[in-house]
Amino acid sequence: MTTQQRLPAPAEITAAGTADSTADGAAARGGLPRWAWYAGAAALLAAAYAVFRGTGTLPHDKEAPQFLAVTELREWIDDHRDVSPVFLYFLNYVRLYVAEVHGLFQTVLNALGWPGLVGVMGGLAWLAGGWRVALLAVAGVGSFGVLGLWESSVETLALAGASVLLSLAIGVPLGVWAGLSRRVRGLVTPVLDVMQIMPTFAYLAPLVLFFHIGAPAGAIATMIYSIPPAIRITSLAIQEVSPAAVEASASLGATPAQTLFKVRLPLARPRIALAANQTVMMALSMVVIANLISAPGLGGDIIRGLSRAQVGLMLPAGVAIVIMAVVLDRMLSALARRGPRSGVGRLDLAAAGALAAAGLALTPVLPATWPQEWTVNLAAPVNEAVHWVESTWYGATTFVKDLTSHALLNPLEGLLTTAPWWLVALAVLALAWRVSGPRPALTALGCLLAIALLGLWEHAMQTMTTVAVAVLVTLVLGLLLGVAAARSPRYSALQRPLLDAAQTMPAFVYLLPALALFGSTRFTAIFASVVYAVPPVARLVEDGIRAVPAPVVEAALSAGSTPGQLLRKVQLPMARRAILLAANQGIVMTLAMVVVGGLVGAGALGYDVVVGFSQRADFGMGFVAGVATVLLGVMLDRITQGADGRPSPRRRKLT
């Protein structure tokens with residue numbers, strides 16, 4: 001075993017990449033180059049589409065037997081709730097435990113009062129990152145009162161705190177286990193796909209069946225949505241730990257447990273901090289939807305503004321959620337940067353204690369609730385600004401919407417909905433087989449056939465049209481923003497709060513202005529999906545490029561590589577796994593917005609889910625539509641699973 005490995009020079013990386021691409025392009029089968037085979041396959045598919053167009057389609061039937069069967073199952077669960085051992089000895093105890101954790105957070109936060117909460121948050125922030133982070137925390141928590149949303153903000157903070165604590169307590173250990181074991185990773189990944197892709201509306205109805213309504217059900221719904229990023233990113237962090245460091249630890253006689261706690265976890269600390277960050281962001285983005293099952297907090301203010309079509313009522317609550325996310329993010333990030341062995345100085349400890357003590361000392365003196373005279377009313381000016389945007393920009397936005405619809409959306413939807421189902425399945429099988437190999441290809445085919453059996457083929461093809469366009473735009477924007485942030489710390493600092501705002505601002509908040517600009521169409525759904533999905537993609541791309549070892553970058557620069565060559569030949573290839581994870585997150589988060597698309601005119605599976613949630617008689621169709629959305633996401637994930645640049649067996653023979 002060698003103790004030191006030679007880092008590849010940029011010229012070697014470039015030569016290897018050129019040899020691979022040349023062999024791939026010049027490989028012959030039957031005397032023809034590879035591109036000729038692709039062209040021939042595309043021509044055959046086009047010819048089959050021209051001959052069989054309009055045949056073998058599967059129209060939508062809302063009275064399908066499978067929908068009615070699921071609705072009847074819901075009725076049976078309702079009738080047996082009070083006698084089933086599953087409820088009496090398991091589900092009820094889960095609900096009570098989550099309620100206790102949430103109640104503890106709520107009791108502590110309310111007991112502090114607004115002066116105590118401001119002081120304690122400021123003190124904790126000082127301990128985490130110094131006076132700058134403390135100043136941000138004090139100003140951020142104080143802004144909840146200035147916006148007139150103190151009570152709602154405290155309720156949201158309690159709900160998010162309980163959800164994040166439970167999510168990290170489950171997600172981080174599972175992520176570490178998945179990072180250490182390929183078998184565990186294989187078992188966990190499909191479950192995470194279901195949890196993350198299943199539209200939130202689709203599992204709100206079952207949650208109401210199992211856990212009633214209120215804060216515990218809202219916390220459980222938030223956990224389902226926020227645990228997957230914690231597991232995925234933690235698993236990636238453990239996998240990315242340098243093998244040389246692990247081998248060195250083992251050679252010194254360290255046990256696996258010692259290697260985990262002394263080597264793997266400290267080296268993976270920045271990525272695990274990113275996992276905590278994403279868990280917080282996901283949890284806060286769920287507070288609006290959780291309000292639909294009577295979870296307390298700022299979601300109620302946003303839903304009221306949406307029902308009255310007043311952005312002025314929605315925006316302050318959305319801003320409060322963003323501020324809350326930024327404060328928590330900066331505290332977690334600063335804590336992670338301290339390092340595992342760095343302590344807290346005496347002056348910092350004294351200042352943090354003094355700040356917290358001052359707030360607690362003022363709690364008995366000042367009113368427990370924020371004084372009304374210290375609030376600012378933003379409703380009227382915000383509503384006036386939205387009206388001005390509507391009247392000024394409507395022509396330009398209509399042009400963009402119509403151009404996208406006629407040039408891209410309509411042709412793609414027409415192609416997918418008029419092609420025979422077996423031809424679409426054959427095309428998916430061939431594409432997935434070429435890109436990812438036989439096993440993922442068969443999984444993708446199975447998902448597609450299951451969608452056909454569920455009776456939602458036509459709506460699934462319409463949804464796939466919207467998702468395909470949204471994912472394409474998301475990946476392009478996320479890659480550009482992530483690369484720019486990785487190459488410029490100043491730009492990264494400017495972009496970071498914007499990404500925080502885009503990711504944590506509930507979709508309902510920017511949905512109403514988007515409706516005013518674009519109308520109730522598929523383009524509005526694409527706009528909402530892109531805004532929601534770009535931030536994690538950009539973050540993961542930036543993190544992956546920054547994680548490229550500095551010696552490799554220095555070797556490339558010393559060999560005369562230009563910044564563009566450094567990016568294309570070194571940084572992007574070595575950040576491949578992070579970029580693929582970013583692509584995965586872009587797909588699943590875009591699919592998670594399918595239901596929102598159904599609310600604003602996108603139709604298809606999202607509309608089916610909304611109708612099933614809102615109308616008891618259509619519960620079966622809505623739930624099955626949620627399952628079909630998951631299958632669609634798994635199919636897209638498996639198609640792209642093997643696009644990681646690893647040579648196929650044939651390429652290895654050629655090279």
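A residue is called buried when its relative accessible area is under 20%, exposed when it is over 50%, and partly exposed in between, with a 1.4 Å probe and protein chains only. The structure is a predicted model, in which local features need pLDDT of at least 70 and side-chain atom pairs count only at pLDDT 80 or more, while totals for chains, interfaces and linings use all residues. Residues are numbered from 1 along each chain as its sequence is written, and side-chain values use heavy atoms, with hydrogens and water left out.

Helices here are DSSP runs of H or I with at least four residues, numbered from the N terminus. In helix α24 (residues 550-558), V552, V553 and A556 are buried. Seen down the axis of α24, these buried residues fall within an arc of 100°, so they line one face of the helix; the arc is taken from the directions that run from the helix axis to the C-beta atoms. An α-helix has 3.6 residues a turn, so residues three or four places apart point the same way. E554 and S558, on the other side of α24, are exposed, and the helix is followed by G560, whose phi is positive, near 95°.

Helix α29 (residues 619-640) has 22 residues and reaches 32 Å from its first C-alpha to its last, close to the 32 Å expected at 1.5 Å a residue, where the expected span is 1.5 Å times one less than the number of residues. Of the 22 residues of α29, 19 are buried, so this helix is largely enclosed by the rest of the structure.

How values were computed: Helices (H or I, at least four residues) and strands (E, at least two) are DSSP runs, numbered from the N terminus.
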